[in-house]
Each structure stands twice: as structure tokens, then as C-alpha cells.
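Here is a short report for a reader who is new to this structure. Start with the display below, then follow the headings.

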Amino acid sequence: MKAVIDVKRFDPENNSKEYFQKYELDVDESSTILDALIKIREDLDGTLALRCSCRASICGSCGMRVNGSAKLVCKTRLVDISPEGEKVQVEPLGNMPVIKDLVVDMNPFWNKVKQVRPFMMPENTEPEGEYIASNESMTHLVDVMNCIMCGACVSDCTALEVDESFIGPAALAKAYRFVADPRDDKSKDRLKYLNKNSGVWDCTRCYACVEVCPKGVAPMERIMKMRDLAIEEGFKNTSGYRHTKSFVNSVGRLGRLDEAKLALTSVGFFNIFGLIDLAFVGLKALVRGKLPPILPHKAESSENIKKIVNKIEKKKV
Amino acid sequence: MTVKKYAFYPGCVARGGAPELYQSSLLVLDKLGIETIELDKAACTGAGVLQEKNQKLGDVLNIRTLALAEEMNLPIITICSTCQGVISQANHRVLKSPEYLEEINAELKEEGLEYKGSTDVKHLLWILIEDIGLDELKKTFKKELKGFNFAPFYGCYIVRPSDALGFSENPERQHSLDMVINSTGASVTDFSGKTKCCGFPILLINQKNSLKMVSNHTGEAKDKGADAMVTPCPLCHLNLDGYQGKARKANRGDKGDLPIIHLPQLLGLAMGIEPYRLGFARHIVSTKDFISSISPGERHSDPQNFNIAMLLGMMGFGSLIFALITAIGAFFVLRAIYIYEWGDNSFTHYIDTCSFEGIYFIGKYICSILGFLGF
């Protein structure tokens with residue numbers, strides 16, 4: 001079958017700017033995008049730089065953006081992306097500096113992973129033999145341990161795009177792997193660190209990492225889990241915590257959301273600059289007739305909803 | 001056109017911070033021949049926030065909403081991307097696992113509800129394409145929007161995670177907003193941010209990052225020639241519209257000048273509904289120029305919206321804020337004196353950690369009197 005592949009090129013040594021180069025080639029029906037790229041490099045253009053190794057979605061080397069979203073190109077068949085032979089756009093991973101063509105500098109990625117101290121920290125002396133944990137106490141970590149560090153989630157993370165200090169989905173998923181490991185004794189310290197700026201509360205909950213992860217690690221869901229764990233450990237002095245708590249309270253009390261109160265409690269009653277800022281927004285909204293109702297709406301059967309909320313919240317504790 | 005009936009789940013924001021969405025939706029649904037019964041008993045979906053604390057609680061509330069609709073034998077129509085996503089995810093989870101559904105149903109038993117899995121939730125955007133059809137939709141249009149460029153902004157929860165949103169059975173859902181914009185005769189402005197996060201979920205947590213997102217998306221769309229941005233998500237609207245001025249000034253040094261319009265407002269314009277009835281005056285980013293370019297000479301704002309009572313209310317609100325700021329200022333001065341005099345932090349620590357629900361309720365009491373007088 002025919003394939004048209006549009007590759008983003010960049011070669012800083014020859015002082016070039018980024019540009020797209022189109023390659024047309026014949027490939028096998030069963031070809032992956034990686035097969036096509038290797039064919040391009042071998043038959044059409046030896047200057048194309050790309051990184052790959054195992055070709056079986058185990059090593060995590062060949063993360064790239066295909067038609068705008070990150071994928072392992074060895075796991076992505078051409079025919080699934082362009083059944084009619086449409087043009088396929090291949091770019092290097094996002095949110096990382098490009099070295100050449102499709103090869104990115106993974107150093108920032110590894111530095112973030114190092115930042116979360118990705119190793120076991122037991123309190124007591126380690127046993128001489130194996131460190132045995134029961135099967136049941138580890139099952140919740142199976143998916144997250146599947147991570148192959150390909151960088152797909154980091155590439156498409158919408159929070160990292162605007163703030164490179166954010167620890168990011170891959171490193172946070174790795175952090176969860178140790179926070180939730182029964183053999184690790186530093187969960188509290190880890191959560192304390194992750195609860196600070198650039199940690200778990202900076203995630204936008206946009207699901208981009210969950211969507212692109214080729215291994216089902218679902219980093220965002222791990223981040224949400226850690227938010228809850230941090231709260232349970234008593235780290236409560238964050239806007240994030242106040243926001244979540246106020247949200248649950250509002251639904252419990254009214255069945256619906258009390259937007260005005262949610263904003264006030266999240267900003268915090270002692271955050272004077274935040275309150276002034278909010279007052280201006282409120283005033284603007286008021287002029288336009290769109291201030292959230294000051295006396296909040298109640299759902300019709302809010303008593304029933306309250307019962308459910310109280311019951312399930314209590315059960316959790 | 002045959003009448004289609006749905007259980008209507010408007011979501012909290014449409015009834016709160018984005019009333020123009022609710023009012024325009026009702027007008028548009030009427031023109032589309034859609035009959036709705038509002039789900040007054042349904043709870044808030046939790047918008048993913050509640051889920052991060054307690055996913056089961058979120059699932060129970062959303063399955064309860066589905067069960068309420070199932071009782072009426074109707075599918076749910078929503079006008080909020082986030083509600084769509086969150087209810088879809090809950091539905092996806094229980095349909096995947098009968099044991100989990102049983103567990104959830106056990107919680108609903110007390111209320112006499114049970115979810116069997118026979119109903120579904122669909123955003124108006126999908127209903128336009130799947131239940132009404134673009135050809136039928138075009139028949140309701142009276143005005144060609146040719147020559148206008150609209151940038152589609154989907155919002156996260158209506159595009160991800162795709163396995164919960166039925167994209168494999170209905171692949172056109174991925175481009176649904178582009179398709180609807182095209183059907184009005186207008187052109188789509190393609191830009192890289194269209195399925196990215198608007199920043200709203202972290203607005204109150206990390207405003208700097210949130211505003212950068214607003215500025216990136218609206219700025220890019222503007223640079224690419226968009227006349228307005230269309231979104232099916234009222235939460236995105238709150239951020240892209242409400243904070244655009246501040247965001248653009250801080251990050252690009254220009255003005256927030258890209259009108260952000262709700263999907264039903266776009267449909268309403270194409271259907272020839274008068275702009276003032278669609279609530280265009282209720283936007284923070286002015287839609288005046290945009291509306292006068294689409295319907296020259298048409299009234300833009302509803303004169304009833306602004307009256308003396310409202311002005312009084314505003315003045316009251318202003319003085320309340322002033323009083324609040326003074327009170328907080330005084331508190332800080334006293335606190336500083338206290339620390340200086342006694343050098344002990346325990347008192348201030350107590351004040352910082354205790355809940356100030358009290359202040360809030362006094363404020364609310366005053367506000368409600370003002371509200372009674374003003375609105």
C-alpha cells in the first residue's frame with residue numbers, strides 16, 4: 001500500500017529551521033509507522049534521525065507524535081491511522097527539546113523522575129533475602145509498574161506545556177508506585193514533597209496522559225489518588241484541598257454546586273490579594289448579569305443526596 | 001420534524017455562572033423540536049473534583065442521575081461537556097462490571113432507584129449529528145454565516161478518555177464541533193489548542209498556569225483569523241471568557257478581544273434568533289462588534305438586564321467588598337502588632353487554621369438582603 005508521511009525535520013548543526021518534509025513510499029499492509037520511518041531512512045533519506053530499539057513496545061524508545069498525539073510508533077499500524085492512504089504527520093515528542101529531527105533530549109524527563117526519588121526507602125534494615133510482599137498488597141500497582149518511560153504522557157501534558165517546573169505525569173506516576181508500595185516507609189515524606197507547588201495539585205485533570213499512554217498506566221488517576229492520600233495524611237494547607245472539600249460539602253448540602261462559595265473557600269479567607277482579585281471578577285460578572293446566584297440553588301431531592309454523600313463519605317473513612 | 005423527547009441535565013454552571021447558556025439552549029431546543037423534562041432531582045456530577053476524593057461517591061450520584069432518566073424511559077441530553085464526560089465515565093465503569101453496578105445499585109435502593117443500563121447521556125452536540133442529522137439541522141437555519149471563522153474549542157471531557165465516550169462506535173464525535181460549525185456555512189479555524197485544557201480546573205489553584213493556557217488558546221485562534229471561539233463546555237467558557245482580558249494582558253500584552261460563544265448561541269444565530277435573546281450581553285469579552293458584524297442593526301443587549309435596582313445592588317456589593325477588605329486589613333495589622341508584642345505564633349496559627357464559615361455566612365446574609373432588593 002501507498003504511504004505518505006510528513007516528517008518534521010530539524011537539524012541545528014546545519015543551522016536549519018524546523019520544516020516538514022513529505023515522503024511517499026510503498027509499504028506492506030501490516031507495516032507500523034516505525035517500519036515506514038526505517039524504510040525512509042534506509043531507502044530514501046539517510047539523514048533522517050530517529051530513535052528506536054526493540055520494535056515491540058517494550059523499550060519505550062520510539063515515542064513520537066502522530067497526527068498531533070503522542071504514540072509509540074512501533075505499536076501504531078499505518079493502516080489504522082490512514083486507512084485510505086491519507087497523509088500522516090510525524091513529529092518529535094512535545095514538551096522536550098529536540099536534538100535532531102525525531103530525536104528529543106530526554107534529560108529533563110529523567111531529571112523529573114529523579115526528583116521523586118524513584119527507589120524504595122524502607123525504614124528498618126532490609127531483609128537478607130527477597131523483600132516479600134503479598135500479592136494482594138501489590139495488585140493495585142500492576143498497571144503503574146507497566147510504565148516503560150517512553151515520555152508519551154509528558155509530550156502531551158497540557159500543564160507541562162505552560163509550566164516546565166511541573167513534575168509531570170510520568171514522574172508522578174512513578175512517585176505513586178512508591179507511595180502506594182507497602183514496603184516503602186517514606187510515603188508521608190514523599191506526599192509532603194508532592195503536595196507543594198509543581199506537584200500533584202498542578203495537574204489540570206485533562207486526561208491527555210491517560211489517553212496517550214501506550215501501557216495503560218493512567219498517570220492522571222494516580223495523581224488524583226495521591227491528592228486524596230495527601231489529604232488523608234493531613235496536608236491540608238492548599239487551595240486544592242479547600243477546593244475539593246468545598247466541592248464535596250456543597251454537593252452534600254445542596255445536591256448542586258454553590259459556585260460563589262466554592263471560589264471564596266478555594267482562594268482562602270485570608271488570601272487578601274486573591275480576594276481582591278476575586279471581587280473584581282465578581283463585579284465584572286455582576287455588571288454582565290452572570291454572577292452565580294447568591295442564594296444557591298438546591299436540587300429537588302437534596303435530602304436524599306445528602307444521605308448518600310454522608311453515607312459513602314463515612315464508609316470510606 | 002418529529003418531536004424528540006429527552007431528560008434534560010443542564011448542569012450547575014448553566015444554572016449558575018453561565019445563565020446565557022441555559023437561556024439560549026431553551027430557545028434552540030425549541031426550534032429543533034426537542035421536548036425536554038428537566039431532571040430537577042439530579043445531583044451535580046462532581047465534575048471530576050469530587051471523583052478525585054471519592055470516586056465511588058461520584059459514581060453513585062451519576063448512576064442515580066441515569067436511573068432517574070431510565071425511570072422516565074428517556075435518554076439524557078446535556079449542554080455541558082464536563083457533565084457529559086463525567087456521567088459517561090461512570091456509565092462506562094458500571095457497564096463494564098456487573099458487580100460494580102450491583103454495588104452502586106445497593107446504595108440507590110433506599111430511594112427506590114435501580115439502574116439497569118438501558119439509557120445513555122448525550123451532549124446536544126452529538127444529538128445534532130446522531131439523532132437529528134445535519135441535513136435536518138440545516139433546515140432550521142435561516143441565516144448563512146458564510147465568511148465567518150469560528151475556532152472550535154472542545155474541552156477535555158468530551159474528547160477524553162475516548163474509550164468511555166463511544167468514539168469507536170461513533171467516530172464522527174471526534175470532529176462533531178467542526179462538522180456543526182461547517183453546517184452553518186461558516187469556516188473552521190483550526191488551531192493546536194482545540195482539544196487541550198482551558199485551564200479552568202486549576203484557576204483557583206495555580207492561576208498563573210491557568211491564564212497562560214487561556215492566553216495561548218485565544219491568542220492562537222485570534223492570530224489565525226477567528227472571529228469567535230465556539231465551545232460546548234460552560235466551564236471552558238468561564239475561563240476563556242471571564243479571564244481572557246487578564247490572561248492576554250499578562251502573557252501577550254494585548255487585549256482580550258476574542259468573543260467566546262456557547263454552542264447553542266452559534267446555533268441560535270444561524271436560526272435567526274435575535275441576539276439579545278441569546279444572552280450575548282452576558283459575556284465578559286464584549287460580543288458587541290461580533291454581533292453587529294453578523295446581524296447589523298440588531299439589538300445586542302436586553303435593556304431589562306440593567307436597571308436602577310441592579311445599580312443599587314452593585315453599589316451594595318461594592319461597599320461589602322470594601323468592608324471585607326478593610327476588615328481583613330485590620331486583622332493583618334492586629335496580627336502584626338500581636339506578633340511584634342508577644343512574639344508568639346500560636347494565636348495566629350489558631351486563626352489561620354480555624355474555619356471561617358462564620359464570616360461567610362454573615363456575608364451571605366447581607367448579600368441575600370441586597371439580592372432581595374436588587375435582583
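Is A:Asp184 buried, exposed or partly exposed? A:Asp184 is partly exposed, because 16 other C-beta atoms lie within 10 Å. A residue counts as buried with 20 or more other C-beta atoms within 10 Å of its own, as exposed with 12 or fewer, and as partly exposed in between; C-beta atoms are placed from the backbone.

## About the model

This is a predicted model, in which local features need pLDDT of at least 70, side-chain atom pairs count only at pLDDT 80 or more, and totals for chains, interfaces and linings use all residues. Residues are numbered from 1 along each chain as its sequence is written, while chains are lettered from A and ligands numbered from 1 in the order in which they are written.

## Around A:Asp184

A:Asp184 sits in the loop between α7 and α8 of chain A. Helices (H or I, at least four residues) and strands (E, at least two) are DSSP runs, numbered from the N terminus. A:Asp184 touches A:Met120, A:Met121, A:Pro122 and A:Phe178, leaving aside residues up to four places away in sequence. Two residues are in contact if their C-beta atoms, placed from the backbone, lie within 7 Å.

A:Glu123 is 61 residues from A:Asp184 along the chain. Their C-alpha atoms are separated by 7.7 Å.

Helix α8(A) covers residues 187-194. Its buried residues are A:Arg190, A:Leu191 and A:Leu194. They lie on the same side of α8(A), because they cover an arc of only 95 degrees around the axis. The arc is that of the directions from the helix axis to the C-beta atoms. An α-helix has 3.6 residues a turn, so residues three or four places apart point the same way. The buried residues of α8(A) pack against α7 (169-179) and α10 (219-232) of chain A.

Of the 14 residues of α10(A), 10 are buried, so this helix is largely enclosed by the rest of the structure. Among them are A:Pro219, A:Met220, A:Ile223, A:Met226 and A:Leu229. The charged names A:Glu221, A:Arg222 and A:Arg227 are on the buried list too. At 1.5 Å a residue, α10(A) should span 20 Å, and its end C-alpha atoms are 20 Å apart, which agrees. The expected span is 1.5 Å times one less than the number of residues. Just after α10(A), A:Gly234 takes a positive phi of about 100 degrees.

## Chain B: overview and first strands

Chain B holds 16 helices and 8 strands. Of its 375 residues, 49% are buried. Take the contacts in chain B between residues at least 6 apart in sequence: 79% join residues at least 24 apart.

Strands β1 (residues 4-9) and β2 (residues 34-38) of chain B pair in the parallel sense over 5 bridges. Two strands pair if DSSP finds at least two bridges between them. B:Tyr6 stands opposite B:Thr36 in β2(B). With helix α1 (residues 19-31) of chain B, β1(B) and β2(B) make a right-handed β-α-β unit. Right-handed means that, with the strands pointing away from the viewer, the path from the first strand over the helix to the second runs clockwise. β1(B) also pairs in the parallel sense with β3 (residues 76-78) of chain B, over 3 bridges. There B:Ala7 stands opposite B:Ile76.

## A four-stranded sheet in chain B

In what order do the 4 strands of the open sheet stand? The order is β6-β5-β7-β8 (chain B), with parallel pairing. β6 (187-188) and β8 (260-262) are at the edges, each with a single partner strand, so one side of each is left without a neighbour in the sheet.

β5 (residues 149-152) and β7 (residues 228-231) of chain B share 3 bridges. B:Ala151 stands opposite B:Met229, and B:Pro152 has B:Val230 as its bridge partner. β5(B) and β6(B) pair over 2 bridges, with B:Asn149 partnered by B:Ser187. The chain crosses from β5(B) to β6(B) through helix α8 (residues 176-183) of chain B, in a right-handed crossover.

## Where the chains meet

60 residues of chain B are in contact with 62 residues of chain A. Elements giving two or more residues to this side of chain B include α1, α3 (55-71), α9 (207-223) and α16 (357-374). α14(B) gives the most, with 6 residues.

This side of chain B divides into 30 nonpolar, 16 polar and 14 charged residues. Ala, Val, Leu, Ile, Met, Phe, Trp, Tyr, Cys and Pro count as nonpolar, Asp, Glu, Lys and Arg as charged, and the others, Gly among them, as polar.
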